[in-house]
Amino acid sequence: MDIIIFYGNWRCISNIKKMSKKNKIYFILIIFISIVVFFSLLIGLNKENKYYPNAKNRLLDKEIIAKDLLLNKKVNFENIIKSNNYTIINIWSSWCVPCRSEHKFLMSLSDNTKINIIGLNYKDNENNAQNFLNELGNPFDFVLVDEDGLISIDLGAYGVPETFIINNQEKLIVKRYIGPIDKQILDEIKKIVK
Amino acid sequence: MKKILILLLLFFCTTIFLSAEENSDVINKISKNLRCVVCQGQSIYDYQSDFALSVKILIKKKLEEGHSEKKIYDYLKAKYGEWIVYEPELKKNTYLLWILPLILFVFGGLLIIKKAYIKDGKNK
């Protein structure tokens with residue numbers, strides 16, 4: 001089959017001299033267009049086609065009110081993030097496996113008194129969440145409950161685990177990490193927060 | 001009198017059910033036009049991921065609060081970008097996107113008509 005096509009192509013090309021001017025232009029145009037289409041598709045094939053919504057430099061919503069798991073009362077984001085320069089919001093859940101692996105990095109950040117760390121407990125059972133913190137330690141200054149995921153949407157979050165760094169004065173999202181924190185991200189966070 | 005009362009009751013019952021149904025229709029309509037961020041390529045309506053479920057709850061809540069469809073889209077667009085809606089808004093940088101199919105359709109039609117016309121001419 002290939003040979004026939006190749007032969008056909010070869011004959012076409014060998015006949016190019018005999019073609020009329022108009023046909024020649026068409027012939028070249030078709031070849032040119034197919035090459036362009038081929039390469040654009042090839043490039044498109046290798047490109048990652050997943051879209052990540054951009055959260056950088058977006059302002060926080062004015063009023064986000066959530067229940068605090070430990071204090072057992074409603075608190076306003078605005079009041080929490082007043083102190084210090086930066087706030088780290090970490091979305092986590094006891095049923096989320098990668099959250100366990102990132103927890104030790106959050107623990108190491110909790111020593112830093114210059115930042116607030118807020119844990120947003122995503123669609124979780126409160127008892128399980130408590131047990132999770134008892135077992136692995138609590139790095140959070142506040143643990144807020146996001147029962148139906150609406151607060152996460154308010155933040156423009158993607159899923160769990162996810163981490164936001166917020167500039168408290170401007171109420172601006174400085175940086176967002178989708179997925180668990182690792183050593184490299186921890187260093188980056190430390191650099192930003194400095 | 002009793003019969004009339006029962007009739008009235010039934011009437012109100014149906015209106016209540018109808019209005020509830022209308023609301024869910026709107027939720028379906030909106031969620032069909034929203035792209036799921038986690039399960040890309042599928043709509044919020046089709047998928048059952050945590051994110052999609054949350055968005056459905058959000059739409060319901062916002063509708064109950066009396067927000068319009070456009071306001072809900074705007075809210076989500078502000079959070080996730082223009083990408084989240086399947087149907088992009090008609091504005092400066094999407095004119096071509098909207099008009100291109102029409103242009104192709106008209107040109108294709110013209111081409112076909114021209115070819116057919118010339119053939120007819122030759123046959124005659």
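A residue is called buried if 20 or more other C-beta atoms lie within 10 Å of its own, exposed if 12 or fewer do, and partly exposed in between, with C-beta atoms placed from the backbone. By that count A:N112 is partly exposed, because 16 other C-beta atoms lie within 10 Å. This is a predicted model, so local features need pLDDT of at least 70 and side-chain atom pairs count only at pLDDT 80 or more, while totals for chains, interfaces and linings use all residues. Residues are numbered from 1 along each chain as its sequence is written, and chains are lettered from A and ligands numbered from 1 in the order in which they are written.

**Chain A as a whole**

- Chain A has 7 helices and 7 strands, where helices (H or I, at least four residues) and strands (E, at least two) are DSSP runs numbered from the N terminus.
- Going along the sequence, the pattern of chain A is α-α-β-β-α-β-α-β-α-β-α-β-β-α.
- Chain A is more spread out than a compact globule, because its radius of gyration is 28 Å, well over the 16 Å that the globule rule gives for 194 residues. That radius is taken over C-alpha atoms, and the rule is 2.2 Å times the number of residues to the power 0.38.
- The C-alpha trace of chain A spans about 85 × 35 × 30 Å along its principal axes.
- Chain A is split into domain 1 (2-46) and domain 2 (65-193), with bounds that come from an automatic or database domain assignment. The C-alpha centres of these two domains of chain A lie 57 Å apart.
- Of the 194 residues of chain A, 28% count as buried.

**Where the chains meet**

- The contact takes 13 residues from chain B and 13 residues from chain A; two residues are in contact if their C-beta atoms, placed from the backbone, lie within 7 Å.
- On the chain B side, helix 2 (50-64) and helix 3 (69-80) each supply at least two residues, and the largest share, 6 residues, comes from helix 2 of chain B.

**The nonpolar core**

- A nonpolar core is a set of buried Ala, Val, Leu, Ile, Met, Phe, Trp, Tyr and Cys residues joined through C-beta atoms within 7 Å. The largest one has 46 residues, and A:I89, A:I118, A:L120, A:I166 and B:V55 touch the most other members.
- Leaving aside neighbours within four places in sequence, A:I89 is in contact with A:I118, A:L120, A:L155, A:F164 and A:I166.

**Helix 5 of chain A**

- A:A129, A:F132 and A:L133 are buried in helix 5 (residues 126-136) of chain A. They line one face of the helix, because seen down its axis the buried residues fall within an arc of 90°, an arc taken from the directions from the helix axis to the C-beta atoms.
- Those buried residues of helix 5 of chain A pack against strand 4 of chain A, while A:N127, A:N131, A:N134 and A:E135 are exposed on the other side.

**Loops and backbone details**

- A:N112 sits in the loop between helix 4 (97-109) and strand 4 (115-122) of chain A.
- A:V160 and A:P161 are joined by a cis peptide bond, with omega about 0°, and A:P161 is in the loop between helix 6 and strand 6 of chain A.
- A:N72 is a residue other than glycine with a positive phi, near 60°, and A:N72 is exposed, with 9 other C-beta atoms within 10 Å.
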